[in-house]
Amino acid sequence: MQEPEKPRRKHQSLSQRDQKHLWHPLTQHKLAGEMLAVVRAKAALLFDEDGKSYIDGISSWYTCIYGHCNEKITEKVAAQMQQLDQIVFSGFTHEPAIRLSEALMEILPKNQDKLFFSDNGSTATEIGIKMALQYHHNLGNDRNVMLAFEEGFHGDTFGAMSVSGLSVYNGAFEDHFIRVERIPVPNGDNNEEVLQKLQELIQTHKIAGFIYEPLVQGAAAMKMHDAQGLNEILKLCRENEIITVADEVMTGFGKTGKNFASEYLEEQPDIICMSKALTAGLLPMAVTSCSRKIYDAFYSDEISKGLFHGHTYTANPLACTAALAGIALLTSNEIQQDIARVMKAHQEFGKKIRQHPKVKNLRQLGVILAFELDVQMERYGDLRNQLFQHFMDSGVFLRPLGNTIYVLPPYVITDGQLTEIYNSIEKALENF
Ligand SMILES: *Cc1c(COP(=O)(O)O)cnc(C)c1O
């Protein structure tokens, strides 16, 4: 006899159906509740399956900086879809990748010369690390240690995890990490000590490269550091032939008020990692760029000196097209004015709340505004979740990190939407 068919539960929500087969990132499912199902997004707004809207105050993890479903981008990608969808990038090339290389060179620091594609921020940094290590290997230098900042975050693949300082999440893999030494971030007061520590490490370790998030450490709760201090570190690295790798995965494409955070520094990195807003939030892609010096160390009659790293979807034409459309927007007057407008609004809001007794370490760079909510330690436990819920209930999507509240809105956010975000933050200051 045939089993009677299970009655189909027709009226389950997306959030309920999600729980059957899906495993979400950075989630302990036993402790997490249902996932919110988002069915539509436009500009700075997200809409859930019940039709409730939320202002995307963090540009969906720093990607959709020109707004969700921006027609200036989707139309270009739709046209490219009819033309060329995918082609092997080994032995073949295509116009979107070539045009993107030209457009990126226009906005990258002048010393950058070559681009290597991959699919996400972790692989962008993984490749940056491999370039730094193999650079020395190819030149016959005996150097095998990477240098990184404490509390840095560079992604979830093995090399990227190794250089990330937030090891609470990486405990299971520590035995497999590449060799890494760490220095504190320079905060203006400790610059000399940091340089001292770096000098010592240079004497005692075979340091191949230094990977860092320039000026803002995103995952470390938007911690900001001293440009002059970083500049001195980079100078010392250059003098000691340590390859510098700027992880601009978060900071790239206008968020700091300049196209790249590296522009705030005199010393330019040998290698730059880009992803997130590179493709304007439409498709996954990453680029690791490097100077001629790096490329030349791989350019050889010996095949084995090449960079033998490659992903199936390398330089996908659709993703390249999205990136090109994104850069066209970034360099437009309109978006530059939007960036200036958001920066100014943040400054004014910052002035307003700076003196509030619960506001600690208020900081801003470009469209990134962050501060710590100074409440009693006993409240820390579920403070983050309560804050998150408070914002979502007010129709604002912010994703506090511990007790740090930060805003990184799409540049196209309206003044009214910005005010709604600020109001919900002021409510949080009252209620927590
Ligand atoms: C998000 C992020 C990464 C990792 O990028 P994924 O695309 O999530 O793999 C690496 N570095 C920084 C600075 C990031 O913000």
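Predicted model: local features only at pLDDT ≥ 70, side-chain atom pairs only at ≥ 80, totals over all residues.
Residues are numbered from 1 along each chain as its sequence is written, and side-chain values use heavy atoms, with hydrogens and water left out.

Now look at the side chains beside the ligand. An N or O atom in the side chain of S122 is 2.6 Å from a ligand oxygen atom, and for the side chain of N120 the distance to an oxygen atom of the ligand is 3.4 Å. On its own the ligand has 380 Å² of accessible area, and the protein covers 81% of that; such areas come from the Shrake-Rupley method with a 1.4 Å probe.

Which residues are around the ligand? They are N120, G121, S122, F153, H154, G155, E213, D247, V249, M250 and K276, where being near means having a heavy atom within 4 Å. This shell divides into 3 nonpolar, 5 polar and 3 charged residues. In this scheme Ala, Val, Leu, Ile, Met, Phe, Trp, Tyr, Cys and Pro count as nonpolar, Asp, Glu, Lys and Arg as charged, and the others, Gly among them, as polar.

Let's turn to the helices, which are DSSP runs (H or I, at least four residues) numbered from the N terminus. Helix α7 (residues 191-204) packs against helix α8 (residues 227-239) at an angle of about 20°, their axes 10 Å apart. Axes are lines fitted to C-alpha atoms over the stretch in contact, and angles run from 0 to 180 degrees between N-to-C directions. So α7 is roughly parallel to α8, a label for angles under 35 degrees.

Helix α3 (residues 71-83) and helix α10 (residues 317-330) pack at about 150°, with axes 9 Å apart. These two are therefore roughly antiparallel, the word for angles over 145 degrees.

Conventions:
Polar contact = N/O pair within 3.5 Å; in protein donor to acceptor, adjacent residues only side chain to side chain. Parallel < 35°, antiparallel > 145°, perpendicular 65-115°, else oblique.
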